Amino acid sequence: MLTKAPKGTKDVLADEVYKWHYVEEKFAQICKKYGFKEVRTPVFEHTELFSRGVGDTTDIVQKEMYTFEDNGKRSITLRPEGTSPIVRAFVEHKQYAEVQPTKYYYDIDCFRYEKPQSGRLRAFHQFGIEIFGTDNMLADAEVIALADEFIRGLGITDVELHINSIGCPKCRKDHREALRKFLEPKYDQLCDTCKDRYERNPMRILDCKSPICQELVKGAPVMMDYLCEDCKAAFEDLKKNLTASGIAFTVDPGIVRGLDYYTKTAFEFVAGGLGAQSTVCGGGRYDNLIEELGGPDMPGVGFGLGIERLLLTLEAAGVEIPEPEKPDALIAVMGDEAKYEGLKLLKSLRDKGFLVEMDPAGRKFKGQFKYADHTGAKKVIILGDDEIASGKASVKDMTTGEQISVPIDELENELR
Ligand code: ATP
Ligand code: MG
């Protein structure tokens, strides 16, 4: 127990963490390039935020939340997603009163009680962006363009953008009735959760993970055939915007998305090589969420992108992520006087921007060389009594094995 992390969680060790740094930096860079600003919200929120925001007929709220009562008897939930918290912050801090639209990005950990498998964890990570304050399809295209440039820019070519429109509350009514009619004869075979959804929100059944329900909904009426004029026009507009931006897409009427708050645009980036967990990035428009969460009637659009799945995709695509820089040099010292000279040199070279180390264990000379090997240092600067007396250090090139003598105040040039 004590020496085992909880099921569905993963440690990221030093031999892997550089990949995280790499994608995190790339994501922050592209968000800044597109004019998005980072927002950080707490890891937990009031449970009600998610039951209202994500929707109480969704898998997330019905089965997957980490909810507990704190010592003050409040119901608290570890965030299962990033949009509701960021909307909460937007409303709480009255950011809606500023000039709109507002463009935010986030880089967060999320928690969902799911069946752990490859690309599906209980503690996982997401990048995401949101644009609040406009219902123009330029915003949807901008959100999709950022995801597209980010994913492809990392070197992933085997990825497809699927788009759909899931309409608005107005046009969804007819679809809901058609769906109920279609499912009525199959009602008894639905899972218990979906029986409840049949009454409250039959569209959710289309997203059920149970293989039986998935089979039952085959051939069900699709939202695309029920769009109102407004939603239809918006979808046409989006397609034109994407085409003008040079973004390839496939219309996929099967996309529903697992959160209740979506309206109109829904999209997914689906990658090859990931099997069942192939959706790297999912998002869409949510025109009623901000109001639902106590804010003004203001539309929004955004995406969430799974970082673990992104890293799996990069691996499957054979993309090489640059390994971290090795130290320029390790200073190996012999004797006390050399140790103090070594510390001075260490500070001065670090001040000049070099990656230099000394063995912090203060081992014997041979041990310091072994340590230099372990760190991958390109050179070893040797300081002993002779070197200090002559003002020259010996510098060993660890690749060629060549050793030369260099005046201590010229070491900088040697490392450069
Ligand atoms: P799925 O259908 O795979 O369960 P979802 O619809 O629940 O995905 P979203 O809530 O839209 O996913 O989250 C956005 C992205 O976060 C997903 O596309 C995926 O890359 C990632 N993601 C979601 N759940 C997990 C999880 N349990 N572990 C790892 N990544 C996840
Ligand atoms: Mg899910």
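This is a predicted model: local features need pLDDT of at least 70, side-chain atom pairs count only at pLDDT 80 or more; totals for chains, interfaces and linings use all residues.
Which residues lie nearest the centre of the second largest pocket? Hi everyone, the answer is R172, N201, D260, Y261 and Y262, out of a lining of 24 residues. Residues are numbered from 1 along each chain as its sequence is written, and side-chain values use heavy atoms, with hydrogens and water left out.

On terms: with a 1 Å grid over the protein atoms alone, a pocket is an open set of points with protein on both sides within 12 Å along at least five of seven lines, a cavity is a set where a 1.4 Å probe fits but cannot get out, and lining residues have an atom within 4 Å of a point.

Back to our pocket. The volume is about 490 Å³, counted as the space filled by probe spheres set on the points. Helix 6 (169-183) is among the contributors, as are helix 2 (47-53) and helix 10 (289-292); helix 6 gives the most, with four residues. The lining divides into eight nonpolar, eight polar and eight charged residues.

Now the cavities: there are two of 30 Å³ or more. The largest has a volume of about 40 Å³, and its lining includes R79, E81 and Y106. Helix 4 (83-92) and strand 5 (102-111) each supply at least two residues there. The second largest cavity, about 30 Å³, has a lining of seven nonpolar, one polar and no charged residues. N164, M203 and M223 are among them. Thanks, all!

Key. Chains are lettered from A and ligands numbered from 1 in the order in which they are written. Ala, Val, Leu, Ile, Met, Phe, Trp, Tyr, Cys and Pro count as nonpolar, Asp, Glu, Lys and Arg as charged, and the others, Gly among them, as polar.
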